[in-house]
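Work through the exercises below with the sequence and the model side by side. Try each task before reading its solution.

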Amino acid sequence: MSFHEQNLEAFIELLSDKRSRRLFTENNLAELAKMVSALPDDVEKLSIAIATWYETRPTIVDAQLDLLNELLSPSVAAPQKTNPLAIERVSSPSQPAVQPVKQPINKQALQQAIDPQWRDRPEPGQN
């Protein structure tokens with residue numbers, strides 16, 4: 001799996017997990033939805049755009065890096081960060097910190113993670 005696929009997989013997991021979802025404001029989710037809808041269905045371009053977006057949001061980047069570190073080296077315990085929400089998310093004993101994404105890693109999966117009702121909406125221009 002390429003780094004870009006791992007980056008998107010971790011970000012989709014971050015959006016899908018109830019605890020880490022609290023890191024995202026409604027405005028964050030709206031920004032992401034708008035940004036992703038304008039991008040092609042290309043894993044590398046999506047990954048770069050997402051990384052550029054989350055790099056300016058310290059709590060989200062901390063949680064994303066924790067997940068990426070866990071994906072890249074699952075046998076090594078995640079280091080304790082100063083972000084308590086990221087710590088809670090990574091160290092929660094009630095559920096594994098990273099669960100494999102069961103769907104393909106693509107634009108549609110990312111849109112679905114940003115907005116779970118996305119699939120129910122008509123495509124622009126369709127009525």
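The exercises go from the whole chain to single residues, and the model they use is predicted.

**Exercise 1. The chain as a whole**

Find how many helices and strands the chain has, and what share of its residues is buried.

Solution. 
- Start with the secondary structure. The chain has seven helices and zero strands.
- The elements run α-α-α-α-α-α-α.
- Turn to burial. Of the 127 residues in the chain, 42% are buried.
- Finish with contacts. Take those between residues at least 6 apart in sequence: 68% of them join residues at least 24 apart.

**Exercise 2. Helix α1**

Compare the reach of α1 with the expected value, then decide whether the helix is mostly covered or mostly open.

Solution. 
- Count first. α1 has 14 residues.
- Now the reach. From first C-alpha to last, α1 spans 20 Å, close to the 20 Å expected at 1.5 Å a residue.
- Next, the cover. Ten of the 14 residues are buried, so α1 is mostly covered, with buried meaning under 20% relative accessible area.
- Name the buried residues. They are Q6, N7, L8, E9, A10, F11, I12, E13, L14 and L15.

**Exercise 3. The largest nonpolar core**

Identify the core residues that touch the most other members, and the helices that supply at least two residues each.

Solution. 
- Begin with the background. In soluble globular proteins, nonpolar side chains tend to be buried together.
- Take the core here. It holds 28 residues, and F11, L15, F24, Y54 and L110 touch the most other members.
- Trace the helices. α1 (3–16), α3 (26–37), α4 (43–54), α5 (58–72) and α7 (107–114) each supply at least two core residues.
- Zoom in on F24. Leaving out residues up to four places away in sequence, F24 touches F11, L14, L15, L29, L32, W53 and I60.

**Exercise 4. Aromatic pairs around F11**

Classify the ring pairs that F11 forms with F24 and with Y54.

Solution. 
- Search the whole structure. Four aromatic pairs turn up.
- F11 is in helix α1, F24 is in the loop between α2 (18–21) and α3, and 13 residues separate them.
- Check burial. F11 and F24 are both buried.
- Now F11 and Y54. The centres lie 5.9 Å apart and the planes are at 25°, so this pair is stacked.
- F11 is in α1 and Y54 in α4, so the pair ties together parts 43 residues apart in sequence.
- Check burial again. Both F11 and Y54 are buried.
- Ring pairs link F11, F24, W53 and Y54 into a cluster.

**Exercise 5. T59 and N28**

Decide whether T59 and N28 are buried, partly exposed or exposed.

Solution. 
- Locate T59. This residue lies in helix α5.
- Apply the cut-offs. T59 has 38% relative accessibility, so T59 counts as partly exposed.
- T59 and L23 are 36 residues apart in sequence, yet 6.9 Å apart from C-alpha to C-alpha.
- Move to N28, in helix α3. Its relative accessibility is 10%, so N28 counts as buried.
- List its contacts. Leaving out residues up to four places away in sequence, N28 touches L23, W53, R57 and I60.

Technical notes. Residues numbered from 1 in each chain as written. Predicted model: local features only at pLDDT ≥ 70, side-chain atom pairs only at ≥ 80, totals over all residues. Heavy atoms only, no water. Core = buried A, V, L, I, M, F, W, Y, C linked by side-chain atoms within 4.5 Å. Buried < 20%, exposed > 50% of the residue type's maximum accessible area, 1.4 Å probe, protein only. Helix = DSSP H or I, 4+ residues; strand = E, 2+ residues; numbered from the N terminus. Contact = heavy atoms within 4.5 Å. Expected span 1.5 Å × (residues − 1). Phe/Tyr/Trp six-rings, centres within 6.5 Å; stacked < 30°, edge-to-face > 60°.
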